[in-house]
Amino acid sequence: MNESNFRGHCYCGSIQFETVGEPISTCYCHCESCRRHTASVVTTFAGFHVDQVKFTHAQPASHISEDGVIRRFCGECGSPISCQMKRAQDQGEIYLYLGIFDKPEKLRPQFHVNYHESIPRLNIDDDLLRDEGLARFD
Ligand SMILES: [Zn+2]
Ligand SMILES: [Zn+2]
């Protein structure tokens with residue numbers, strides 16, 4: 001079986017991960033919460049089932065928001081690592097930020113979520129679905 005494996009790491013290398021198999025989905029998120037967590041005007045995720053993802057060195061630190069969203073980050077350098085919305089937690093899924101993959105170009109975003117929160121005048125020139133909510137989570 002020819003399964004895809006991906007690797008990645010945080011800025012300092014303390015957090016390293018491997019994934020096995022294809023992601024559930026890959027998407028851009030424009031929500032304000034992701035914007036603040038990543039300090040980036042738009043972020044991109046690749047979602048996997050938790051058993052597809054292995055942290056091979058240190059474990060990430062985490063912050064749980066009032067609405068129960070778990071955001072992980074490197075405790076050494078602060079790189080954002082992942083986001084787990086409540087529904088993703090319930091479904092055993094974890095969404096890794098695409099920017100920490102070694103070869104992010106191998107993972108192609110399929111749609112945009114929370115597009116109504118996007119920064120005005122930010123223009124991403126593609127013809128992907130722009131969802132006001134969380135696309136497949138609705
Ligand atoms: Zn780090
Ligand atoms: Zn978001």
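Student: What is the order of the strands in the open sheet, and how many strands are there?

Tutor: There are 8 strands, in the order β6-β7-β8-β9-β4-β3-β10-β11, with mixed pairing. A strand here is a DSSP run of E, at least two residues, numbered from the N terminus. This is a predicted model: local features need pLDDT of at least 70, side-chain atom pairs count only at pLDDT 80 or more, and totals for chains, interfaces and linings use all residues. Residues are numbered from 1 along each chain as its sequence is written, with chains lettered from A and ligands numbered from 1 in the order in which they are written.

Student: What makes β6 and β11 edge strands?

Tutor: β6 (61-64) and β11 (129-130) each pair on one side only.

Student: How do you know that β6 and β7 pair?

Tutor: Pairing takes at least two bridges found by DSSP. β6 and β7 (residues 70-73) have 4 bridges, so they pair, in the antiparallel sense. Among the partners, S62 bridges to R72 and A61 to F73.

Student: Which residue in the turn between β6 and β7 has a positive phi?

Tutor: G68, at about 85 degrees; this hairpin has 5 residues between its strands.

Student: What joins β7 to β8?

Tutor: 4 bridges, with the strands antiparallel. F73 stands opposite P80 in β8.
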